[in-house]
Amino acid sequence: MLEQQRDYVLHTVEERGVRLIRLWFTDVLGSLKSFAISPAELENALEDGMTFDGSSIDGFGRTLESDVLAMPDANTFEVLPWGDAKATEARVFCDIHNLDGTPFEGDPRQVLRRNLQAAHAAGFTFLVAPDIEFFYFSPPEKGQAPVPLDEGGFFDLTTTDVAGTLRKQTIRTLETMSIPVEYSFHEDAPSQHEIDLRHTDALTMADSVMTFRLVVKEVAASQGVHATFMPKPLESVQGSGMHVHLSLFDGDENAFYAADDPYNLSPVAKHFMAGLLHHAAEITAITNQTVNSYKRLVPGFEAPVHVSWARNNRSGLVRVPITKRGNPSATRIEFRSPDPACNPYLAFAVMLAAGMRGITEEYELPPEADSNLFEMSESELAKLGIDVLPQSLSDSLRVMEQSSLVQEALGEHIFEWFLRNKRSEWRAYKTHVSAFEHDRYLRVL
Amino acid sequence: MLDQLVVYPDPPPPDLARTLDLGGYRWKAVRSADDAAVHEPAAGWTGAIVACDTDPEGAWAFCRALRKRDGPTRLLLLLSGSQLDQLELRDDLFDDFCLTPFHPVEVEARLRHLLFEGFSQVKNETVEYSGLALNVDTYQATIEGRPLDLTYMEYELLKFLAQNPGKVFTREILLSRVWGYEYYGGARTVDVHIRRLRAKLGEEQANLIQTVRSVGYRFGQSRWGS
């Protein structure tokens, strides 16, 4: 298999006149990293990988050896649809290895691979489909509040048109890069948009999310617009989430579907949901990894706050969408807390690990919470046994630190590094004196 | 005898090993295609014998891997009568076959015949259908002369479909014939790739690949004109 793929890539580079091949990989915080090689290097790179110094990459540094090996995954080779037509470029995602050929423990793609293999050993393929929200703004100036493209409360034809054109162009680009789009629409908030990707296996999807974020930003930048996946850029309107639809397949069968259940959910689905709910607080630091993430997870903005599930209650953490005509293969659950600033490899990995733990330990699913939880008092919630998600990055880090599940899913290296890195982010934030404080205290105190 | 045969799997069926030894062949059993590459003699393997009985999935994967190599290795397949249906749509993966349990003289006769006329491998270089052209040698696809940028698996799927126009394939068949058994993504993978291909073919050509409700997919028009 490998040899044919290599052949295919080499031929394509030659026939399409590709001048530069970009080797893509992802750091622990979920930023896309890239270095370029010439076609002459490619055959060697596909065979033996390319060595580079990982010490400057977030989460890659180690005390003894800083060199690592980028091994291109030939299956992900694609000609890039933008740039100079006379100097075509291509990209290929890489797995990061140690120099001795073993998987590098700091590589998020390897973390997801490892978790997917564990699920596969139990007989399951993990399929995911994210709904990704983002904002278009005028290019930001330091210290200034973001300016939406269609702000002002009146219908501005020119700028609305710009956003619509951008979205169309984005979708066209995504489709040429093998990323099928299911829906797209203008969201509730000014200048906010949502693009829903069609489900696929989690590794391909994590790659696709990385490509997606780049494409959205590139297309916007080409029109002088800034696209952002910041979870809560505007205080008064809803933030950007990345709801993730999840299902497990056993061969051709949707392991989440059961014809005889009132919810059409199989025991596997219920245990998986129970696992997600049970470990939700522990994985929140990964699915919501910025200080800003927690300003989205507040009541009143269609974001989940409580650890609960329901069929049609958008305040819950897990929603069970009603499928068209009870279509078995469309049966799935929707995990609503993640935001699009997460590292998709790590986020999918911990979601899977939490769900799989629910299956192996046969966790029992708590009853559906179908009333509006935002209207309940804390004591009422406590009576129902419903917790709230961690309220800040600091809270979620504290819960994560105690979690053997997250530690196992991420591996020691990333677990340690992530906690260290995010604690220092929290410390930096804690010392910041905000406009809120000036407005509220400066004159009266 | 200078011919070097590669035999799959390792260990091979005992009666096969005996037949080859008695026939004076030089042969080497291997566990995988990678294994075959490691042990390959400088002049390349002359022929290959692949026994399908015990592990058909591994055997087909081996055939596929061997076929994609540059060397013109002639390939003899050993399979039981109950496996004959597996030959369908895999004509490109073997040169001849022999039913098990086999008669040693038959295996020898078929080997002699296979190795006799040297290595004239016939390849069809381009597949064309309604504006779509696939060059099998260079892996390039064009639509109305415009290059189509595909991933490797998208290309392989489109090639398979275009080589068999008008025929309806189930997801399972497509998965086993295009991906091979080593892939574990499940049949949903097929849907995902079909969806991607349609998007890349563009609006005018997207209906080249049709969904046949509750069966699978068909490329081009039905032979019956419906």
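The report below goes through confidence, domains, sheets, backbone details and the contact between the chains.

**Confidence**

Please keep in mind that this is a predicted model. For chain A the average pLDDT is 90, and 96% of its residues score at least 70. One stretch of chain A calls for care: residues 152-157 have a pLDDT below 50, and beyond near neighbours in sequence this stretch makes two contacts in the model.

**Domains of the two chains**

Chain A is assigned two domains, domain 1 covering 2-104 and domain 2 covering 114-440. Their centres, taken over C-alpha atoms, are 28 Å apart. Where they meet, domain 1 of chain A supplies eleven residues and domain 2 of chain A supplies 15 residues. On the domain 1 side of that contact, six residues are nonpolar, four are polar and one is charged.

Chain B is divided as well, into domain 1 (4-116) and domain 2 (126-219). Here the centres, again over C-alpha atoms, lie 29 Å apart. The contact involves six residues of domain 1 of chain B and four residues of domain 2 of chain B. On the side of domain 1 of chain B that touches domain 2 of chain B there are three nonpolar residues, three charged residues and no polar ones.

**Two sheets in chain B**

Moving along chain B, you will find an open sheet of five strands with parallel pairing, in the order 2-1-3-4-5. Strand 2 (26-29) and strand 5 (96-100) of chain B are its edge strands, each pairing on one side only. From one strand to the next, the twist averages 20°. Strand 4 (residues 74-80) of chain B is joined to strand 5 of chain B by five bridges in the parallel sense; to look at one bridge pair, pick Leu78(B), whose partner in strand 5 of chain B is Cys98(B). Helix 3 (residues 56-67) of chain B lies across strand 1, strand 3 (47-51) and strand 4 of chain B, and runs at about 160° to strand 3 of chain B.

A further open sheet of chain B has four strands in the order 6-7-8-9, with antiparallel pairing. Its edges are strand 6 (126-129) and strand 9 (146-148) of chain B, each of which pairs on one side only. The twist averages 25° from one strand to the next. Strand 6 of chain B and strand 7 (residues 132-135) of chain B run antiparallel and are joined by four bridges. Within this pairing, Tyr129(B) has Leu132(B) of strand 7 of chain B as its bridge partner.

**Backbone details worth a look**

| Residue | Phi |
|---|---|
| Ser178(A) | about 65° |
| Glu302(A) | about 60° |

Are these residues buried or exposed, or something in between? Ser178(A) is in the loop between helix 4 (157-176) and strand 8 (181-186) of chain A, and it counts as buried because it has 25 C-beta neighbours inside 10 Å, where the cut-off for buried is 20 or more. Glu302(A) sits in the loop between helix 7 (280-287) and strand 14 (309-310) of chain A. With 14 C-beta neighbours inside 10 Å, Glu302(A) counts as partly exposed.

The bond from Tyr8(B) to Pro9(B) is cis, with omega near 0°, and Pro9(B) is found in the loop between strand 1 (4-8) and helix 1 (14-22) of chain B. The bond from Asp10(B) to Pro11(B) is cis too, with omega near 0°. Pro11(B) likewise lies in the loop between strand 1 and helix 1 of chain B.

**Where the chains meet**

Finally, turn to the contact between the chains. It brings 24 residues of chain B together with 27 residues of chain A. Which elements of chain B give two or more residues to the side that touches chain A? They are helix 5 (152-163) and helix 7 (188-201) of chain B. Helix 7 of chain B gives the most to that side, with six residues. By class, the side of chain B that touches chain A has ten nonpolar, five polar and nine charged residues.

Terms used: Residues are numbered from 1 along each chain as its sequence is written. Chains are lettered from A and ligands numbered from 1 in the order in which they are written. This is a predicted model: local features need pLDDT of at least 70, side-chain atom pairs count only at pLDDT 80 or more; totals for chains, interfaces and linings use all residues. Domain bounds come from an automatic or database domain assignment. Two residues are in contact if their C-beta atoms, placed from the backbone, lie within 7 Å. Ala, Val, Leu, Ile, Met, Phe, Trp, Tyr, Cys and Pro count as nonpolar, Asp, Glu, Lys and Arg as charged, and the others, Gly among them, as polar. A residue is buried if 20 or more other C-beta atoms lie within 10 Å of its own, exposed if 12 or fewer, and partly exposed in between; C-beta atoms are placed from the backbone. Two strands pair if DSSP finds at least two bridges between them. Axes are lines fitted to C-alpha atoms, for helices over the stretch in contact, and angles run from 0 to 180 degrees between N-to-C directions. pLDDT is the predictor's confidence in each residue, from 0 to 100.
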